[in-house]
Amino acid sequence: MDEALRLEEREEIGDRLACLACAPKSGDLIRRRFVPWFRVAVSNCAPVPAGTKPIYAAAQISVIDRIRTIEPRSPMTDQPYLRLRGIRKEFGTFAALSNIDLDIAKGEFVCFLGPSGCGKTTLLRIIAGLEVPTSGTITQAGSDITRRPPAERDYGIVFQSYALFPNLSVADNVAYGLVNRRVPKTQINERVRELVKLVGLPGSERKFPAQLSGGQQQRIALARALATSPGLLLLDEPLSALDALERVRLRQEIRALQQKLGVTTIMVTHDQEEALSLADRIVVMNHGVIEQIGSAMDIYREPASPFVADFVGKVNVLPGRLDGSKLDVGSFSLSPPQLSRHAAPAKDVKVYLRPEDVLARSVGGGGAGFPPDDPHVFDAVIEKIEFLGSFCHVHVNASAFAPHKLTVYLSLNFLTEQSLTVNSSLRLKLLPERLRIF
Amino acid sequence: MAVAVHTNALTAISAPVRQTTHWTDRLAHLGILLTAVVLIAFLAMPLAAILLQSFEGKNGEFAGLTNFVAYAKTPALLTSLWNSIWVSVAVTLIAVPLAFVFAYALTRSCMRFKALFRGISLIPILAPSLLSAISLIYWFGNQGVLKGAMQGVGITQIYGAPGIVIAECFAVFPHALMILITALTLADARLYEAAAAMGTSASRKFFTITLPGAKYGLLSAALVTFTLVMTDFGIPKVIGGNFNVLATDVFKLVIGQQDFAKGAVVAILLLLPAVLTFAVDHYVSRKQTAMLTARAVPYKATPARGYDRAMMAYCVVISLLMLLMLGMAIFASFVSFWPYNLTPSTRHYVLGLVDGEVAEGLVNSLKMAAGTAFVGTALVFFSAYLLEKTKGANWLRAPVRMLAMLPMAVPGLVLGLGYIFFFNAAANPLNALYHTTALLTLCTIVHFYTTGHLTAVTALKSLDGEFEAVSASLKVPWYKTFWRVTLPICTPALVDIARYFFINAMTTISAVVFLYSPETKVASIAILNLDEAGEIGAAAAMAVMIAGISAVATGLFMLLARWVDRRTQAWRGPR
């Protein structure tokens, strides 16, 4: 086995350990453990005496390539890795989840985002087999896992509470799932060292969880979940118990790690910033149904429902009236390009306007002002400035929208340069194509 | 045909998804089923036997309420009912306030020697409850030291209600005290700080914060005290004289007159207040947990000289009374011939151990206590784990949980009586167990099951709820996680449960009094027989000996706990 390791190092797998299980009857390679993100070729495998258990034999190994590079993440192509169809969960008469259809591609990072009680954790637990759906099917890697108990599924999971075994050392925690698989001790140790290094805590193997900070404990929990190289990584609000700085640091690490390993990942969070910054796709949930699925930009720019517009980011909500392709809001009569041309009966609508979707110029500004004939320009007076650092929430009164008030984002630079304070006047411009109408 | 197809299609749509059960989960379900079988056979069936018996006529026919009517028409028995009630109320009204002040001194003052006072106050737990009754006889009995003084204050004789009340006050004091200490420890310092910031007086703080905060504890302590007194058998037997109570009635009816039907009726009367207590306590404890938040800041007393001294003086008085009680029993046990020859001798010990067959009884007691501690702890902890931490078989869980809580509501006397009715029946295949040490052990385990169960559940609930989920995701079966993680973390609780079982098995009388045979007689019963035979000196000696053994056992368990702590709790880091 030592021989195998030496060979492997020579073949430049790097610091990763390729551990080769050989079939007892021949020298064939039957399993490729620990290195799912590499495709390796094996030759000159030493024959193993018949009747012995699978052992680890000397072999010539060469890396063909990184699997990630030949199988790039592409949500659109072929079978999804995880497929949920018609998932419904009832607790008594209360429907915690209904009509959940979702496809997740291999290697994708998906966030379930929603307020507490929206069913996102229940959905994650259903995928993990910790809750049983009332109806629906779940397919993972092509096989139906709906009825399988957790122990027969393929995933690693990280909880908000870390759930590290407090009486076991870091090394024993990380090795917990490996010990059960009859992997030789030296290889377990090697794997543990590798993982602990991977999550950025080399040398902490002999410590107990209580000696680590919250962020460090969560890193170890992550290492433990990844130790058995699961096909799916489930993260249940992994960052919620951490302080603000640690949260941002760890979330970047999680993303980097996920991209490095290419493991399909689902994370549950109620923190929109977390979801926006991490996910390939976000699943916004509310009251047990999926409101929208899309990339961070889609969700933010093209919210599919008032709930999504309200929940993700800040938004001004203004009453308006829609008649065909004409929208009346405040004193404006607009024809936003995103409206369908279909004639529909006139109705009252709500107009959603993001604070950054309003451009600002000072009133007295010379050349930098808006063209005088721009129909979307209006005047406003600053009522309150909420200082948030480089940007400020500026609450303004505009006669065009009275009695409703607007909140706009303005950079501190702009405010200082134009010496704008409370009661200053300024000129704002509406961007009709950015309005969302519900 | 078409209809059949239609219904099939319907069930296919509406049938909820069911997960297949992993074989390791089946193993867990089997374990729970086993617990259920044990609790049904050794708790539910005996209780059912009492119920059946109470509705049965002389020849085994169904007699409806005849037995109850006959009972109500027996004036002597009704007097016992009244006696039981008023004595229990009196003890509750005396012992609970005394224990409250004691607990208050231990938790809310800065007096010294708290550990010592606490240790002394727990003495009555170590001996059978009748120790205090025996001691009282030496103090105030016919040849008592202070008989004259007692008659001076208007009590003609100690035998009867006065003796029962005083002896019970001692016996129940530690039980009430432990509940009240818990209740008073759970105080939120922030409330007191807020009150102080508003300039609230000490007495107002007491009546607006302390008392309301402890009211559930007080209620709980009162209920437990009432039930303990109501169902205690040893003390009224020893010092009751002609003063009859329900507990002694049961014994007389069943063992003396072989009137099983009436005995069953009295047993049900004994069961009623206990069940009521249980229900109220259950309701109250749920409220209590809702009151305390995780953010509460523990209260710390601030030194105040006068107040601390007053509290200490109070604790000294109570502790002295405790020591006088134990001391008299010890003294009397070493006296040659009370009250005429006070030279020290070991006569009573020899008499008790050899002639009174207590030596044998002690061996039996130790066997039973060890068995109870070992088997009971294993059973209680393992089934609590399966109930709390595994999943599936939900139809089984609620009934087993209820069965685990039920023993708290069943007085030992009633349980023992149920065992007679159930296991003594010739038709019962378990009949062979009757009179064996095995049955005594099982009866004791069941009798004290609930406290052990609650200790185990509390310990298990403090663990992260996701250990089992993580294990399953790592393909590690629950029993490995139980062995590698849960058990090592919970060893302190295990030692606690074992100690509780051991001490109680050493001192219990009520349940086993119906179940022993000459070969399996335990020490506490032997003491009762010695007292009945008029050998009160020997009885005192043997009670002192049990107290001694219990004290040594407690010490050993504490050492074990410390050793276990050092071996398995290193991960907690320096404390």
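Visitor: How many charged residues are in the lining of the second largest cavity?
Guide: Happy to start there, with the note that this is a predicted model. By class, six residues of the lining of the second largest cavity are nonpolar and none is polar. The charged residues in that lining number five.

Visitor: Which elements give two or more residues to the lining of the second largest cavity?
Guide: This cavity has a volume of about 70 Å³. Its lining includes A:Y300 and A:R301, along with A:Y352 and A:L353. The elements that supply two or more lining residues are α10 (296-301) and β19 (347-353) of chain A.

Visitor: And the largest cavity: which element gives the most to its lining?
Guide: The largest cavity has a volume of about 130 Å³, and its lining includes B:M322, B:M325 and B:L326. By class, that lining has 10 nonpolar, two polar and no charged residues. At least two lining residues come from each of α6 (123-126), α7 (130-140), α9 (161-185) and α15 (305-333) of chain B. With three residues, the element that gives the most is α15(B).

Visitor: How many cavities of 30 Å³ or more are there?
Guide: A probe the size of a water molecule, rolled over the atoms, shows where empty space is left. For cavities of 30 Å³ or more, the count comes to five.

Visitor: Why is helix α3 of chain A largely enclosed by the rest of the structure?
Guide: Buried here means under 20% relative accessible area. In α3(A), the buried residues include A:K120 and A:R125 as well as A:L123 and A:I126. Helix α3 (residues 120-128) of chain A is largely enclosed by the rest of the structure because its buried residues number eight of the nine.

Visitor: Which are the edge strands of the six-strand open sheet in chain A?
Guide: The order is β11-β12-β13-β8-β14-β15 (chain A), with mixed pairing. Edge strands pair on one side only, and here they are β11 (156-158) and β15 (289-294) of chain A.

Visitor: What is the bridge partner of A:I282 in β15(A)?
Guide: Strand β14 (residues 281-286) of chain A runs antiparallel to β15(A), and five bridges join them. In β15(A), the residue that partners A:I282 is A:G294.

Visitor: What angle does the direction of helix α7 of chain A make with that of β11(A)?
Guide: Helix α7 (residues 214-226) of chain A packs on the sheet, where it touches β11 and β12 (232-236) of chain A. Its direction and that of β11(A) make an angle of about 170°.

Note on methods. Residues are numbered from 1 along each chain as its sequence is written. Chains are lettered from A and ligands numbered from 1 in the order in which they are written. This is a predicted model: local features need pLDDT of at least 70, side-chain atom pairs count only at pLDDT 80 or more; totals for chains, interfaces and linings use all residues. Side-chain values use heavy atoms; hydrogens and water are left out. On a 1 Å grid over the protein atoms alone, a cavity is a set of points where a 1.4 Å probe fits but cannot get out, and a pocket is an open set with protein on both sides within 12 Å along at least five of seven lines; lining residues have an atom within 4 Å of a point. Grid points are joined across faces, edges and corners, and a volume is the space filled by probe spheres set on the points. Helices (H or I, at least four residues) and strands (E, at least two) are DSSP runs, numbered from the N terminus. Ala, Val, Leu, Ile, Met, Phe, Trp, Tyr, Cys and Pro count as nonpolar, Asp, Glu, Lys and Arg as charged, and the others, Gly among them, as polar. Buried means under 20% relative accessible area, exposed over 50%, partly exposed in between (1.4 Å probe, protein chains only). Two strands pair if DSSP finds at least two bridges between them. Contact means heavy atoms within 4.5 Å. Axes are lines fitted to C-alpha atoms, for helices over the stretch in contact, and angles run from 0 to 180 degrees between N-to-C directions.
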